[in-house]
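This report describes selected features of a two-chain model.

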Amino acid sequence: MKLAAFLLLVAGWAIVVSAVALLPSAGPRAAFVLAGVAVELLGLGLAVRSHLVLEAEGE
Amino acid sequence: MTLSVAPSPASLPEVSALVCFLLILLVPFAGVGLALINCGLGRARSAAHAMLAALSVTAVAAIVYVIVGFSWQGAAGRPEHVFMVGGKAWGWIAAEPFFLRGLRLDLSPAALVVLLQLFSVGLAALIPLSSGADRWRLGATCASTALLAGCTYPLFAHWAWGGGWLAQLGANCGLGRGFVDGGGSGAIQAVGGLTALSITWILRPRRGKFSAEGLPAALPGHNAVLVLLGCLFAWIGWIGLNSGGAILFLGVEPARVVLIAVNTTLCAAASGLTTVVVTRVRFGRPDASLSANGWVAGLVASSAGAAFMKPAAAIIVGGVAGIVVPLVADVLEFRLAVDDPGGAISVHAVGGLWGLLAVALLTDAGAPQGSGGQWLAQLVGMATLLGLVLPLSYGLNWLLDRAYRQRVEREGEFQGMDLFELGAGAYPEFDVHGDEFLPR
């Protein structure tokens with residue numbers, strides 16, 4: 001689960017970088033950057049959750 | 001991919017360079033402050049270990065940075081590797097020789113950058129120490145620091161400060177003046193704070209911190225005096241850090257250091273006082289260690305935009321940091337089972353990210369270029385910290401842990417790090433208890 005979480009984080013960042021480098025107009029660029037950040041937040045949430053699961057198993 | 005030279009910043013007149021040099025000499029006080037805070041928030045039986053670890057990681061960071069770090073980071077106006085996308089050059093890594101070869105260490109901007117970074121990278125390396133307190137082996141702290149100073153830190157620092165793609169967002173995409181992070185809310189504090197998060201996940205909590213039901217036990221720091229004294233040292237250091245960084249990386253005129261010092265102080269003051277009030281309301285009495293964390297969080301949040309804030313805005317930035325830090329510390333401990341003895345994640349990662357966002361919300365940093373895109377430039381920088389720096393830092397430390405176990409042996413936690421790793425305690429004339437009351 002943690003691997004998937006980190007892949008989501010990196011994927012979100014890739015969306016952000018692609019939007020900045022490839023989209024010339026301000027509106028779509030901002031929308032894709034926000035979408036990338038949302039994907040990153042999903043990844044962060046999953047990473048936190050996987051840590052909680054590991055801790056529960058450890059106990 | 002091609003080799004290019006980034007646009008050069010205006011060279012500094014000799015008097016300005018001298019002012020900048022003197023300001024940079026204040027920065028080690030910030031390291032002293034963080035080391036004292038880390039030591040005081042840890043346990044008495046690991047106090048000598050905490051201070052020796054602080055000294056060791058500072059030394060490792062400086063040496064590794066000189067060997068390879070500056071080669072990746074570079075400075076604006078120096079050679080770098082670039083990607084060409086849509087006819088625009090995007091710098092991604094510097095192309096300097098190892099060991100600072102070919103660089104004259106005088107009062108030139110590049111030499112001043114090296115000096116400032118030599119201190120700053122040590123500061124970033126001190127941050128994870130507090131989250132790994134009482135269970136992180138000395139050798140592992142040094143190895144992890146080598147990864148930070150040789151890879152994670154210089155990479156992001158080049159993007160933000162060395163003329164890299166984040167700094168170019170203004171010129172290439174019209175996003176305000178590009179990513180603004182004068183004193184290092186992102187490049188130093190958030191990088192260190194996110195590394196601290198990686199370390200807490202890898203080391204896992206101290207024994208006895210969480211019960212079988214997942215409830216956290218209070219393991220208070222051993223010396224509040226050290227912690228609060230550390231805050232005062234950090235304040236001095238941060239004035240130098242924010243001022244020197246703003247002159248070198250944002251190109252502000254040296255006369256603006258007065259505004260920067262005022263804003264840095266106001267941020268810390270507002271944040272510290274707000275945390276005093278928040279903890280007074282929550283617990284019935286002010287909490288000394290959380291209030292100290294609030295003070296430092298204000299310093300952290302001030303770093304990015306101190307050169308562009310109005311004093312009233314600095315008070316707001318600090319006030320928000322002072323509210324957020326104790327709340328995040330609670331959530332991390334009570335909800336997310338993260339054992340962060342020194343509060344590095346809430347103070348440095350969250351405080352740093354807030355400082356970056358505050359540049360867009362509460363300063364006029366992007367005003368000369370049209371402030372419309374400044375918020376997007378800041379958001380892209382924050383997304384890079386979360387989406388690249390965190391996975392990179394976790395991955396490197398996870399690999400290190402596979403090759404060289406980072407957490408101390410079970411016996412070491414019962415004895416305390418001082419006796420187990422150093423053979424002697426910090427306070428030999430006092431009776432310092434091990435965890436004899438915990439089941440083995």
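## The hairpin of chain B

Two strands are said to pair if DSSP finds at least two bridges between them. The model discussed here is predicted. In chain B, strand E2 (residues 79-85) and strand E3 (residues 88-94) pair in the antiparallel sense, over six bridges. One of the residues involved is B:His81, whose bridge partner in E3(B) is B:Ile93. The hairpin of E2(B) and E3(B) has two residues between the strands, and B:Gly86 takes a positive phi near 60 degrees there.

Most residues other than glycine have a negative phi. B:Phe99 is not a glycine, yet its phi is positive, at about 60 degrees. This residue is found in the loop between E3 and H4 of chain B. B:Phe99 counts as exposed because it has 12 C-beta neighbours inside 10 Å, and the exposed class covers residues with 12 or fewer.

B:Arg204, also a residue other than glycine, has a positive phi near 65 degrees. Its position is in the loop between helix H7 (185-203) and H8 of chain B. B:Arg204 has 18 C-beta neighbours inside 10 Å and therefore counts as partly exposed.

## Helix H2 of chain B

Helix H2 of chain B comprises the 14 residues 28-41; at 1.5 Å a residue they should span 20 Å, and the end C-alpha atoms are 20 Å apart, which agrees. The expected span is 1.5 Å times one less than the number of residues.

H2(B) is mostly covered, with 12 of its 14 residues buried. Among the buried residues are B:Phe29, B:Leu34, B:Leu36, B:Ile37 and B:Leu41, together with B:Gly31, B:Gly33 and B:Gly40. The buried residues of this helix pack against four helices of chain B: H3 (47-73), H4 (109-131), H8 (224-250) and H10 (288-302).

B:Ala344 belongs to helix H12 (residues 344-362) of chain B.

Leaving aside neighbours within four places in sequence, B:Ala344 is in contact with B:Ile127, B:Pro128, B:Ser130, B:Ser131, B:Gly193 and B:Ala196. B:Pro205 lies 139 residues from B:Ala344 along the chain, and the C-alpha atoms of the two are separated by 14 Å.

## The form of chain A

Chain A has two helices and zero strands. Its radius of gyration is 15 Å, well over the 10 Å that the globule rule gives for 59 residues, so chain A is more spread out than a compact globule. The C-alpha trace of chain A spans about 50 × 15 × 10 Å along its principal axes.

Of the 59 residues of chain A, 34% count as buried. Among contacts in chain A with a separation of 6 or more, 64% are between residues 24 or more positions apart.

## Where the chains meet

How many residues of chain A are in contact with chain B? The contact involves 20 residues of chain A and 21 residues of chain B. On the side of chain A that touches chain B, the elements that give two or more residues are helix H1 (2-22) and helix H2 (26-58) of chain A. The largest share of this side, 11 residues, comes from H2(A). The residues of the side of chain A that touches chain B divide into 13 nonpolar, four polar and three charged.

How values were computed. Residues numbered from 1 in each chain as written. Chains lettered and ligands numbered in written order. Predicted model: local features only at pLDDT ≥ 70, side-chain atom pairs only at ≥ 80, totals over all residues. Buried ≥ 20, exposed ≤ 12 C-beta atoms within 10 Å, placed from the backbone. Contact = placed C-beta atoms within 7 Å. Nonpolar A, V, L, I, M, F, W, Y, C, P; charged D, E, K, R; others polar. Rg over C-alpha atoms; globule rule 2.2 N^0.38 Å.
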